[in-house]
Amino acid sequence: MYLGNEKFEALKGRERIVVLGIESSCDETAAAVYDGRTLLSDIVASQIDIHARFGGVVPEIASRNHTLALPGIIDRALHTAGVKQDEVDAVAVTYGAGLIGALLVGVSSAKAYAYARDLPLVGVNHIEAHIAANYLEHDLKPPFMALVASGGHTSVIEVAGYNQYKLIGSTADDAIGEAFDKVARLIGLPYPGGASVDRLAKSGRDCIPLVKHKKNITDGLISYSGLKTAVVNYVHTARQRGEEIDVPDLCASFTHAAVDPLAAFVTAEAARRGFETVVLAGGVASNSYLRATMAERGKAAGLRVLFPSPALCTDNAAMVAVRGYLAAREGYGLAGLDLNAVSNLRVPS
């Protein structure tokens, strides 16, 4: 008889809970161990080299590689942490949002592990986990505002408590990271495209008159499709005329057009709502211009702006373990063995 659900109640209120976190939402296979005070291990197997030849993530290939890698990654996470299997108190796993096949590998593995060891299973929202990465490196307590910027998400979220989230604004079409990747592919930059654009933008000038998107944020809906189309039109027109494209200048101009309105919206909204702190999260949170712009605008608005180190911006299991710990400590997030993957999971979940 499975006893994991009965053990969950005993975790409530405990300061030390050893959580095994599992992440497989896209192309990173990861496992980590966190005990409420210390990140004991954080193991990530990246598939960047595998997918680079295709110019982006191939879902079926990602799923197969998760299946091959995850058992060994879990073993390494426990070994590195110095934690025995019978010392784990709970298993936390990303069940959405992400690629459905990739998510299913992690969810199935977590359910099997929890069942075999009679451990509570905590379902983790990937977006909330990205936000939770900030707890690992900063003295941070709710309430605060979070900007989650990644390949799949552009969301502005109010974090009222460790387990209370409210969506303030989100993308109406393309996410900011998706726009970066599509622009990179258009101009022939290597995968991952966002990092390539960021690198080249540093040596370029914001001098190409792309759409500045004065109306790209309306009633909390953030749009990047128009900006992406503006870049496509600019590149196609230049190529048809036989004109050489200054790639660094295009990267810089696109980056400014993508980031400036978003940073302005987030800082203004935070100040209007009375927040003192804004945190960044997600893969695009490692973009150097976004970090610098948010820090500058935040300082001008009297806001404390925080962001994780680049390693914790990309997908990892440390953030999943932390999110699972915070949920279990307050008796939140218990999942049954019927937990399923949800590719389009939103906040609040």
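Arg37 is exposed, because its relative accessible area is 62% and the cut-off for exposed is over 50%. The model is predicted. Look for Arg37 in a loop. That loop runs between two strands, β2 (28-34) and β3 (39-46).

Step back to the whole chain. What secondary structure does the chain have? It has 12 helices and 13 strands. The radius of gyration is 21 Å, close to the 20 Å that the globule rule gives for 349 residues, so the chain is as compact as a globular protein of that length. Along its principal axes, the C-alpha trace spans about 70 × 45 × 30 Å.

Next, the interior. Of the 349 residues, 54% are buried. Buried here means a relative accessible area under 20%. Contacts tell how the sequence is brought together. Take those between residues at least 6 apart in sequence: 74% of them join residues at least 24 apart.

Last, the surface and the charges. The chain exposes about 14,700 Å². Carbon and sulfur atoms supply 51% of that area. How many positive and negative side chains are there? The chain has 33 positive and 37 negative ones. The centres of these two sets lie 2 Å apart.

Note on methods: Residues are numbered from 1 along each chain as its sequence is written. This is a predicted model: local features need pLDDT of at least 70, side-chain atom pairs count only at pLDDT 80 or more; totals for chains, interfaces and linings use all residues. Side-chain values use heavy atoms; hydrogens and water are left out. Helices (H or I, at least four residues) and strands (E, at least two) are DSSP runs, numbered from the N terminus. Buried means under 20% relative accessible area, exposed over 50%, partly exposed in between (1.4 Å probe, protein chains only). The radius of gyration is taken over C-alpha atoms; the globule rule is 2.2 Å times the number of residues to the power 0.38. Contact means heavy atoms within 4.5 Å. Accessible areas come from the Shrake-Rupley method with a 1.4 Å probe; for residues, only the protein chains shown count as cover. Lys and Arg count as positive and Asp and Glu as negative; His and the chain ends are not counted. The place of a charge is taken as NZ of Lys, CZ of Arg, CG of Asp or CD of Glu.
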